[in-house]
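The following exercises concern the contacts between chains in a multi-chain assembly. Each task is followed by a solution in steps.

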Amino acid sequence: MHGIVKTFPGVRALDGVDLDVSPGEVHCLLGQNGAGKSTLIKVLAGAHHPDDGTISWRGSHVRITDPMSAMRLGIATIYQELDLVDGLTVAENIYLGHELASAGFTHRAQTDRAAQRLLERLGHPEISPRTEVGRLPAAGKQIVSMARALSHDVQLIVMDEPSAVLDQEEVNRLFGVIRDLTRDGVAVVYISHRLEEIREVGDRVTVLKDGRTVATGLPARETPTSEVIRLMTGRSIEYAFPDRGTHDARAEPVLSVRNLSRDGEFADVTFDVAPGEIVGLAGLVGSGRSEIIETIYGARKSTSGAVTVHGRRLRPGSVRSAVAAGVGLCPEERKSQALLMHESVVRNISLPSLSRFASSSFINRSVERAAATEQVQKLDVRPADPSREVRTLSGGNQQKVVLGRWLLKGCDVLLLDEPTRGVDVGARSELYSLIRDLAAQGVAILLVSSEIPEVLGLADQVLVISDGRVVHTGPADEIDEHQVLGLVMEGSVT
Amino acid sequence: GVLVVGCTSNEPDEEDNEGDGEAAPASDENSGGSSNDETGETVTIGFSGPEADHGWLAAINSSALEEAEKYDDIDLRATEGTNDPGLQIQQVETFINEGVDAIVLLPTDGASLTDVAQRAMDAGIPVVNVDREFSSPFAARTTILGDNYGMGVSAGTYACQLIEENNISDPVIAEIAGIDSLPLTQDRSEGFAEALSNCGQEVDNRVAAEFTVESGEAEASNLLQAAPEIDIIWNHDDDQGVGVKAAFENAGRDEFFFIGGAGSCNAMDWIENGEMEATVLYPPTQAADGIRLARLIAQGKGMSDLVQVAVPRRIVLDAPVVTADNVDEHREGCFDS
Amino acid sequence: MSGSVGRNLGLVVALLIIFVIGMATAPDRFPTVDNTLTILRYASALGVVTIGMTFVIAAGHIDLSVGAILALASVWATTLASQRAAEDFHWITMVFTALAVGAVCGLINGILVAYGRMASFIATLAMLVAARGLAEIISERRTQIVEVRGFLDFFGGEVFGLPVLVIIFALVAAGGWVLLNRTTFGRRTLAVGGNAEAARLAGIKVQRHTMLVFVLVGVACGIAALMLVARTTTGSSTHGQLWELDAIAAVVIGGTLLSGGRGTIVGTVFGGLILATLTNIFTLNNLDTSTQAVAKGAIIVAAVLLQQRVAARNRGT
Amino acid sequence: MSGSVGRNLGLVVALLIIFVIGMATAPDRFPTVDNTLTILRYASALGVVTIGMTFVIAAGHIDLSVGAILALASVWATTLASQRAAEDFHWITMVFTALAVGAVCGLINGILVAYGRMASFIATLAMLVAARGLAEIISERRTQIVEVRGFLDFFGGEVFGLPVLVIIFALVAAGGWVLLNRTTFGRRTLAVGGNAEAARLAGIKVQRHTMLVFVLVGVACGIAALMLVARTTTGSSTHGQLWELDAIAAVVIGGTLLSGGRGTIVGTVFGGLILATLTNIFTLNNLDTSTQAVAKGAIIVAAVLLQQRVAARNRGT
Ligand SMILES: Nc1ncnc2c1ncn2[C@@H]1O[C@H](COP(=O)(O)OP(=O)(O)OP(=O)(O)O)[C@@H](O)[C@H]1O
Ligand SMILES: Nc1ncnc2c1ncn2[C@@H]1O[C@H](COP(=O)(O)OP(=O)(O)OP(=O)(O)O)[C@@H](O)[C@H]1O
Ligand SMILES: [Mg+2]
Ligand SMILES: [Mg+2]
């Protein structure tokens, strides 16, 4: 790809990007949120038409006009925003668009068998090809997306942040698959914000910044981290967790969870979060952490147990009662659970605090705007235009908008479900210090992350969850990644 | 509530004594030696009509039901009124399945119901066709028709008369039709145009409402804008006429002669009060007559009031013009809209 | 705010084109004060309904029962009993009756949709059938003539040369605009329509809010019923037939997306005016109904396409 | 497949309840072969439309113009010229005419929705108005009587005691089922309705597919037009009035979500039968129209709620 230019109304997302990928290599694409990575690969996949630039495939110029023509060339893409059809089954999704059929009639049994083989190859024989995709958790959908990419006869697979929703175990399995592919001469374009992953599977690295290629062909393993970060952000950033603050461990807990259970999902969860404390939930994907968090928040109704905030019991199954008590949630899937995609950044940020800007329900819009703009600046949302529709922001910036919403609201308890999913290194370290700052201000924080180092680095207290049960509770500095993984494995065996 | 009270107090039982010469007398005292009203063997009569979505059709239905009530020997099966020929066919088929003794049918569309009526006749069930005519004469034992074309002719002729009497030169004539997609509206309009052409006139402005008050008001408002000066307005239907009159009042216009159609009680009141020039009758008693004839046919009786004893094959109702001069005669036959 | 003009530019252009057609085809009758008032009076009752409909559509739903609710409210407010109460006490009782009937019907719709989790299309379709049936039962399918002079005088009157009906429409439109764009209620309506799950997780009572939106449109139908009663001097079970389609058409021509999450009151008012002006021009030109229908279909398509194109271009810059 | 029974359990129960009511209220007339055939004959023309509608709704759209397209096709196929051609040549020309008219109207809808990016609600609303207007112009608002014996004999006939109309319906339903559940076309329809962007990224030509779905329902309207022409022996611009609402009601009662992405032909057939049987029982019991309307509204609500509850429970286990 050479000199690719793509403009959206108001933004020049790609401004002359070059990218070349050789057979059998894992080519990593790095860049901050909004650098243009997803846009670039969408151009490659035929989902966007470039305004300018050329694409050569095996030495000859090609025009990729639609997704079909990309697939015909042998390019398969796993998109960042999981794009599956919820109402269709796993097998139907995998073979959507290139169904196994003769004369228009589908072969269902054959499709199911083929899908089953692909899922086995990805290490997930337990996902039934007949399951409706809408019922799978995010990680399961990611697996299906991968199976779909593999179902084509591919020469190049593009993966846009595939590891964002996966846990360590899954990521390792994914790497195994990638190695198999490259061994067969298939090229892989891999996008991730996790530098350690780049080091592990990557061969060469291309760095994008503000829609331009700033470096290409860097050796993935040898380039020093600081150099990569400098290229991406234009400044150097300590990629480290901020110091733990001190909180009064004997203070009255803000949030107490007692024997919280939900049939079929999790049971008997008990813990406290004190003001200024960060409690992390570690565990595998599907272990039920999101369910716990959503139940505390009232988005799901507990079957037994109690949640109290400041000593007052929350009404089970009532989000209102949680919000009124000062609890905020950044949910796992921002697109479907958090954002009004067609509304402005301002309106997304102010949504739960609307009444604050209203007198007898009339909104004072200048105050609202000023307050939201402050959050936009504080979080360094880019572009820093608060009237822009959220839809047009990159994934990481969207996440910041969700966070800004609760910062503005000013919570006593903040529930963060995968807060750094899809967030770039620069922003990530900013988020870490933000979360720490919040804790320092006395906010009680409950954190879920599939990246164990993140939980261990950020939290004061760690709960390890396995199969809907708490298998370990203890201070974060007394346990390491391997122990957590060991606990998780054990838990899932029993 | 003069108007409201005036209309609702008018019990339909009384209305049949008047007008419609072909109908047998209603009450027993009047039956003049005829044995037709004596209770005979019980007959099952199926009745199906269009959806009673406005006053005239409601009157058609209620007069049919009331007529049937009067006879102990009628077991009436009245179906849901509908504007869907497919559904009405289903209803007639149900009657055939049940083996009723006679069917009174006011079709939503005459031609569309012809086939099923023919099937009923073939199955030995006499069909009385009311108001909207079948496309085949063999599909009904008897046909009772209001005369839509004749109604237009009456209105047009009366308009010509007004023009002549009042010496209007170059008159502006407006027409507010009913639902334009119905053949009956076409017939009325054609009759009107035909009669007007006899005195060298034609319709200058025409709108079509939907037989509802609301559409009458809306169409008439726009019509009044379209023609700043009007001499004669013929409105096909007194139901929508309530809305049409409201539009006149809203616009403060009354420079024209206003002629109505159908003959609702409201229209009679207006004529009495001088708010309306005339209305052309289109009586809603046809269905009641249909029930009565169906009973006679099913019981094998004739019409003792006529010289010809058998029930005639075809009856076309008159479409007389009601004016201030004869409104008293017609007041009894009016219907509530 | 600058966006608002741009967003509605297509509509302004469409309305202008229609005006030019009106001028060209009926130069003496179209551009008069009387005719303008006729168009406005004609547009006002339906206009009030379209304002309510804008909220329902912005909230991601649809209401097919508006015409039927209007009919039921008009009938209930004009029964002999209601009119007697109005004579004995004050005609404001009729107003309350109509508004209450509208609100209750809306409430039932709202409960079915919000708590019964029925698709609004089907819940309000059932309400359409049922409310019209009930209106027929109550009125015994008679047109109920209003004799209460105070009522007719008030609604039929004029203030500074403007018909009261038009003023009511203007007030409702202005109120609707403020409600949608300047209050928490409006903002939450858009949030619920844009992403109900996100709204729920942001602490909005989505079900209660949805219900309230349906009550709102019910009340709008009650107001429209009063206006129509005044205009026709009658209550009838046939009032407002097919208004649901006209109302939705006006809202969509105005640029509100049926997918919810967005809504423009200004656009809706334009949409309604375009349809009303069109009907007026057709009548002024004595066009026959069938030709009108074909032309109307084509013009709706043209207006929506124009509106979309201009909005898209405007957005682009 | 086991899901299919469970999914439709609510419908089976609803239909059974209605059957019991029929048995109880008209024991001698309801459960007869003749009456059953009457119900089926009545249900078949609308049934064909509902099959097409299921596809449109599964594809995430709606079609309000079905009744109008049907009317236009019925008129066009029965003009004097068409009938003369049929006499001169073969009545199959009438069939082709109706299907072609349906397909072209559907094509226009499809182009407006897919390429013009109009909301289907509004595009097909415009088509509704325009097609009926055109039908009126062509027929000059006269009911056109069919004299072509071959045509009437064929469609009015019976095979092994089953009316041809019912057989056509059965064939269309079976074909629709296979198309939706066993072909790439059906699969892609569901994908387009479930997540159009995902479908596009999977290489499906979403616009073309959407257009084809509208052509499909247009053709279904053409078939239904022929059936209605045969049943009424006429073509008329008033045929199929409000069928759009009945068709949508049948589809939704059947369990297809209006949000698209899912569709059940079996459910739709049940939905249509429930409505038809209900109407038949009303007829058998001489229920007064207005009461019927109220009852019908309530029953639609009850059927949908029942269907939802059972489906949810079935899913839960
Ligand atoms: N559909 C769109 N309309 C307008 N602007 C867009 C659209 N999609 C992307 N953009 C803009 O293009 C730029 C590049 O976005 P892109 O999604 O490619 O970033 P990214 O590098 O993938 O970021 P992330 O790491 O957060 O996923 C951003 O400024 C974004 O706001
Ligand atoms: N919509 C759903 N329908 C049925 N089962 C579900 C659904 N969502 C989640 N589950 C099941 O609930 C369990 C927990 O899933 P979930 O992914 O939410 O856990 P988690 O620990 O929060 O994982 P993550 O790391 O993705 O946040 C899994 O067994 C999953 O299959
Ligand atoms: Mg991206
Ligand atoms: Mg989770």
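The model is predicted.

**Exercise 1. Determine how many salt bridges cross the interface of chain D and chain A, and describe the side of chain D that takes part.**

Solution. 

Step 1. Polar contacts between chain D and chain A amount to eight residue pairs, with both residues at pLDDT 80 or more.

Step 2. On the side of chain D that touches chain A, at least two residues come from each of helix H9 (164–182), helix H10 (184–194) and helix H11 (196–201) of chain D. The most is given by H10(D), with six residues. By class, this side of chain D holds eight nonpolar, seven polar and eight charged residues.

Step 3. The contact involves 23 residues from chain D and 25 residues from chain A. Of the area that chain D buries against chain A, 33% is supplied by Arg182(D), Arg187(D) and Leu201(D), more than by any other three residues. Together, chain D and chain A bury about 2,200 Å², with 54% of it on carbon and sulfur atoms.

**Exercise 2. Characterise the interface of chain C and chain D by its area, its polar pairs and its composition.**

Solution. 

Step 1. Contact is made between 39 residues of chain C and 39 residues of chain D. The buried area is about 2,900 Å², and carbon and sulfur atoms give 79% of it.

Step 2. The salt-bridge count between chain C and chain D is one: Arg141(D) meets Asp288(C) at 2.6 Å, N to O. Three residue pairs are in polar contact, both residues being at pLDDT 80 or more.

Step 3. Helix H7 (120–139), helix H13 (243–253) and helix H15 (289–316) of chain C each supply at least two residues of the side that touches chain D. H15(C) gives the most, with 13 residues. The residues on this side of chain C comprise 26 nonpolar, seven polar and six charged.

Definitions and conventions: Residues are numbered from 1 along each chain as its sequence is written. Chains are lettered from A and ligands numbered from 1 in the order in which they are written. This is a predicted model: local features need pLDDT of at least 70, side-chain atom pairs count only at pLDDT 80 or more; totals for chains, interfaces and linings use all residues. Side-chain values use heavy atoms; hydrogens and water are left out. Contact means heavy atoms within 4.5 Å. Buried area is the accessible area (1.4 Å probe) that two parts lose on being put together, summed over both. A salt bridge is a side-chain nitrogen of Lys or Arg within 4 Å of a carboxyl oxygen of Asp or Glu. A polar contact is a pair of N or O atoms within 3.5 Å; within protein, one must be able to donate a hydrogen and the other to accept it, and residues adjacent in sequence count only if both atoms are side-chain atoms. Helices (H or I, at least four residues) and strands (E, at least two) are DSSP runs, numbered from the N terminus. Ala, Val, Leu, Ile, Met, Phe, Trp, Tyr, Cys and Pro count as nonpolar, Asp, Glu, Lys and Arg as charged, and the others, Gly among them, as polar.
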